[in-house]
Amino acid sequence: MAKSGRKASFTSLDKHRKRLAEQPMRVQFAVDPNRFKRYSASAGDLLLDYSKNRIDEDAMAALFDLARAAGVEERRTQMCEGEHINITEDRAVMHMALRYQGNLPVPVDGADVMPAIREVLARIESFSNDVRNGTIRGHTGEQFTDIVNIGIGGSDLGPAMVTLALEPYTRADLRAHYVSNVDGAHIHDILKRLDPKRTMFIVASKTFTTDETMTNAGSARKWLADALGDAAVNDHFAAVSTNIEACQKFGIKQERIFGFWDWVGGRYSVWSAIGLPIAIAVGYDNFAAFLKGADAMDQHFLSTPLEKNLPVIMAVLGVWYRNVWGFSTHAVLPYDQRLSRFAAYLQQQDMESNGKSVTLTGKPVGWSTGPIVWGEPGTNGQHAFYQLIHQGTDVIPCDFLIAARPHEHLPPHHDKLVANVLAQSEALMLGKTEEEVIAELKAQGMDKAQIKALTPHKVFPGNRPSNTLFYPQLTPEMLGSLVALYEHKVFVQGVIWNVNSYDQWGVELGKQLAKALLPKVEGKADAEGHDASTQGLLAYYRDHKA
Ligand code: F6P
């Protein structure tokens with residue numbers, strides 16, 4: 001589809017927007033008792049209710065047409081067939097192979113990648129079992145009680161989010177910690193509670209060159225050597241990387257190096273050996289179930305018609321709001337405390353993937369691309385930023401996520417949680433009209449003047465869109481499905497926006513400048529050659545450090 005074709009499609013969608021702007025959702029629900037049925041779909045046990053969106057059948061049909069015309073189905077095939085769809089890095093995009101449960105070969109660059117994947121999985125299984133059952137111990141013979149993963153971005157966010165989400169599957173005597181920030185406070189505050197004799201470090205880095213990770217790994221090694229001596233270091237470190245040579249140079253034993261491949265993007269690497277701390281924390285079987293759940297979503301994505309395809313539905317709705325209605329942010333609001341890092345995880349997955357402004361051929365895009373993704377668990381968010389979602393001047397499409405069954409038996413908590421999530425999407429959709437507010441205030445016995453003054457503050461515009469994802473329970477399998485769902489959503493949007501969702505050049509400039517600034521910050525070089533602001537800030541730092 002040519003650039004002009006995409007532009008024309010976005011423009012032609014505007015007639016649907018104009019029509020729907022005149023038909024608030026509350027009216028659509030009132031006239032159509034089948035609206036939930038019409039606009040909900042499932043993948044296995046996972047239900048997506050998208051009926052509380054500004055849509056009708058004509059608008060949805062036009063959005064699916066756009067996805068088809070943009071080549072979503074063709075690109076999906078290209079991805080599965082190992083084509084180098086990450087064109088700027090000349091790489092295939094094959095994270096789906098990491099969780100593939102079938103028996104067919106999966107060729108990438110002419111070779112089946114499944115045997116190597118299975119070999120690494122078998123090593124993860126045996127290593128995680130041995131750490132959990134105490135076969136692998138620390139230098140002084142103590143059993144490991146704490147695993148510290150040192151990584152950043154995709155080498156941190158995925159395993160950190162998953163470990164938190166799967167807390168019911170963890171053991172109290174084996175804890176996983178995540179250090180990512182180059183801010184020394186991060187590693188300091190984690191290590192201060194740990195016993196070196198019982199602590200294992202996993203250095204996780206696709207490239208094994210990322211400055212934050214290497215700096216933290218150096219500090220961890222020093223902390224360990226200071227306590228137990230240099231000879232102990234080997235017994236307390238493992239590494240995960242595509243750069244095996246660099247792991248060896250760091251001094252990690254061969255049998256403790258877990259590899260993956262350049263066709264796995266950093267933000268798609270949780271399914272690879274980057275998931276090692278998950279396997280240790282929740283057990284290999286649960287890690288395998290997480291992979292299985294993702295594969296189930298892959299199969300749904302690959303074989304379900306676009307109209308019933310969860311990732312595609314969520315993707316086109318996102319495009320609808322971003323490109324036709326002009327909404328710039330998207331909130332992810334899990335009513336699931338254990339998904340408290342889910343939005344942070346999705347920020348990398350979505351914003352690093354689709355935060356682009358040139359097309360695949362390097363021309364400026366003529367439309368908006370990735371939205372700002374953010375969110376916090378409910379009900380906490382309700383007492384923080386929901387005011388703006390309900391009555392602010394920006395419209396923020398929301399995803400609500402909720403389980404039918406909690407892991408703990410603590411009535412009445414879960415019923416209250418469910419009542420709250422349902423109330424929020426209902427309130428956003430319905431709003432509260434002036435007439436309703438006046439009637440309510442009258443019933444409270446207020447006089448005319450008070451009613452007049454208060455009414456505008458109490459009106460809710462409503463007609464604010466949301467999706468609800470309902471699942472039976474947050475099991476490892478369901479979590480795998482949810483993560484894969486969002487991955488495919490981002491893929492579909494990247495195809496529609498015609499951007500490369502698999503590179504991340506935008507993070508490079510800051511890295512380069514930080515490298516150049518470091519000697520000046522350290523006082524080893526003159527603070528010249530920078531803009532006045534940077535020079536002023538450097539001078540302030542030099543005056544105030546120590
Ligand atoms: O932030 C850029 C980035 O390259 C991410 O894509 C990646 O997940 C992260 O840095 C960490 O990279 P690595 O795993 O190579 O240390």
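This is a predicted model: local features need pLDDT of at least 70, side-chain atom pairs count only at pLDDT 80 or more; totals for chains, interfaces and linings use all residues.

Residues are numbered from 1 along each chain as its sequence is written.

**Stop 1: the annotated sites.** Select E352, H383 and K511, which an unreviewed UniProt entry marks as "active site". (UniProt positions are in the numbering used here, feature names are shortened, and annotations may be inferred rather than shown by experiment.) They spread over 160 residues of sequence and, in space, up to 36.7 Å between C-alpha atoms.

Zoom in on E352, in helix α14 (residues 342-354). Helices here are DSSP runs of H or I with at least four residues, strands are runs of E with at least two, and both are numbered from the N terminus. E352 counts as buried because it has 22 C-beta neighbours inside 10 Å. The cut-offs: buried takes 20 or more other C-beta atoms within 10 Å of the residue's own, exposed 12 or fewer, partly exposed in between, with C-beta atoms placed from the backbone. Leaving out residues up to four places away in sequence, E352 touches R267 and Q504; contact requires C-beta atoms, placed from the backbone, within 7 Å.

Now jump to H383, in the loop between β11 (372-374) and α15 (386-391). H383 is exposed, with 9 other C-beta atoms within 10 Å.

**Stop 2: the ligand.** Of the 14 residues around it, G153, G154, S205, T210 and G266 come nearest (near means a C-beta atom, placed from the backbone, within 6 Å).

**Stop 3: helix α9.** Select residues 211-228; the end C-alpha atoms of α9 are 26 Å apart, in agreement with the 26 Å its 18 residues should span at 1.5 Å a residue (the expected span is 1.5 Å times one less than the number of residues). Colour E212, T213, N216, A217, A220 and L224, which are buried. Looking down the axis of α9, its buried residues fall within an arc of 125 degrees, so they line one face; the arc is that of the directions from helix axis to C-beta atoms. On the face turned away sit the exposed K222 and D226. Just past α9, G229 has a positive phi of about 90 degrees.

**Stop 4: helix α16.** Select residues 413-430. Its buried residues are V421, Q424, S425, L428 and M429. Exposed D415, K416, A419 and A423 are on the face of α16 turned away from its buried side.

Definitions and conventions: Two residues are in contact if their C-beta atoms, placed from the backbone, lie within 7 Å.
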